[in-house]
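Take a look at the sequence and the 3D structure below. Then follow the report from strand to core to loop.

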Amino acid sequence: MAQTAARRPRSAEMNPGPGFRLRRSDDRPGEVFVDAFRAYPTPDVSDMMNRLYTMCVAIQPMTDPRLSVVGPACTVKVFPGDNLMVHKALDVARPGDVLVVDASGSTMTAVLGDLVCTKARHRGIAGVVVDGLIRDLPGIAALGDFPVFARGVTPIGPLHRGPGEINYPVSCGGIVVHPGDLVVADANGVVVVPLENVKEVHDRLEGRRRDDAAYAASVARGAFSNGWVDDVLDAGGLTVDAL
């Protein structure tokens, strides 16, 4: 009886184009803006964008919460459970970039661990934000100055097969991130400033710096009034019922 030749299903083949591609992006904010945003915590930055560009609270600092990071996004999309393109991103990202990894929030495996973080640190990458899990947390923490934000930790390692993409739009923590967008992350969370809005957001932050500092100082002294609350309530037609 003739035997049928075994053949791998074509549905398992990698195809060029969407889902398996990379590009080298020159889109990024100027260093003057990157440095300037280091002066502002994420709540201030989030306020200036009407609270719409902050990643969900599941994306938390995995390393010392005193570590913060500001830098242009090098975006990486991976198939859940795989990190081939994370490794390739180490050759694509520029010094000062933040790797933003879209693992679709997967809890299957870690996307990276201490070795990838050590390599990234040697390449001058500023930090990592992962919509997924990491592993080898003690080894990452031992680096001392490499901030990592993610959904959690697992001992299960990834595969290295692909597919994936580098420097195309991704979704991370509920926010669409484009290559070159400015990532600002600290103990409060992760905020993304779209590249085209970096200057205007910076200008608004600078414009409010003095007023905010004066108000914070008055609150610290106990010199404040909640009269504005009554104004809002009155304008809304608040009724007060007697007991």
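Which residue in E8 is the bridge partner of Val 128? The partner is Val 148.

## Ground rules

This is a predicted model, in which local features need pLDDT of at least 70, side-chain atom pairs count only at pLDDT 80 or more, and totals for chains, interfaces and linings use all residues. Residues are numbered from 1 along each chain as its sequence is written, and side-chain values use heavy atoms, with hydrogens and water left out.

Helices (H or I, at least four residues) and strands (E, at least two) are DSSP runs, numbered from the N terminus.

Strands of a sheet pair through backbone hydrogen bonds, either parallel or antiparallel. Here, two strands count as paired if DSSP finds at least two bridges between them. E6 spans residues 127-131. Two bridges join E6 to E8, and these strands run parallel. E4 also pairs with E6 in the parallel sense, over five bridges. Val 100 stands opposite Val 129 of E6.

How well is E6 covered? Five of its five residues are buried, so E6 is largely enclosed by the rest of the structure. Buried means under 20% relative accessible area, exposed means over 50%, and partly exposed is in between (1.4 Å probe, protein chains only). Gly 127, Val 129 and Asp 131 are buried on one side of E6, and Val 128 and Val 130 on the other.

## The nonpolar cores

A nonpolar core is a set of buried Ala, Val, Leu, Ile, Met, Phe, Trp, Tyr and Cys residues joined through side-chain atoms within 4.5 Å. The largest core has 28 residues. Those touching the most other members are Val 76, Val 86, Leu 99, Val 101, Leu 112, Val 130 and Ile 134. Several elements supply at least two core residues each, including strand E3 (69-78), helix H4 (114-122) and strand E8 (148-150). Helix H3 gives the most, with five residues. Apart from this core lies another, of 16 residues, among them Val 69, Phe 149, Ala 185 and Val 190.

Which residues does Val 130 touch? Leaving out residues up to four places away in sequence, Val 130 touches Ile 59, Val 101, Val 111, Leu 112, Phe 149, Ala 150, Arg 151 and Cys 172. Contact means heavy atoms within 4.5 Å.

## Helix H4

Val 116, Cys 117 and Ala 120 are the buried residues of H4. Seen down the helix axis, they fall within an arc of 100°, so they line one face of H4. The arc is that of the directions from the helix axis to the C-beta atoms. These buried residues pack against H3, E5, helix H5 (137-142) and E8. On the other side of H4, Leu 115 and His 122 are exposed. Just after H4, Gly 124 takes a positive phi of about 85°.

## A three-strand sheet

Three strands form an open sheet in the order E5-E7-E9, with parallel pairing. E5 and strand E9 (152-153) stand at the edges, each with a single partner strand, so one side of each is left without a neighbour in the sheet. Strand E7 (residues 133-134) pairs with E9 over two bridges. Ile 134 has Val 153 as its bridge partner in E9.

## Backbone exceptions

Most residues other than glycine have a negative phi, and most peptide bonds are trans. Ser 104 is not a glycine, yet has a positive phi of about 60°. Ser 104 is found in the loop between E4 and E5, and is partly exposed at 49% relative accessible area. Asp 136 also has a positive phi, near 60°. Asp 136 lies in the loop between E7 and H5, and is partly exposed at 31%.

Where is the peptide bond that is cis? The bond runs from Gly 162 to Pro 163, with omega near 5°. Pro 163 lies in the loop between E9 and strand E10 (164-166).

## Charges over a ring

A charge sits over a ring if NZ of Lys or CZ of Arg is within 6 Å of the ring centre and within 35 degrees of the ring normal. The charged end of Arg 21 sits over the ring of Tyr 168, 3.8 Å from its centre. Arg 23 lies over the face of Tyr 168, at 4.3 Å from the ring centre.
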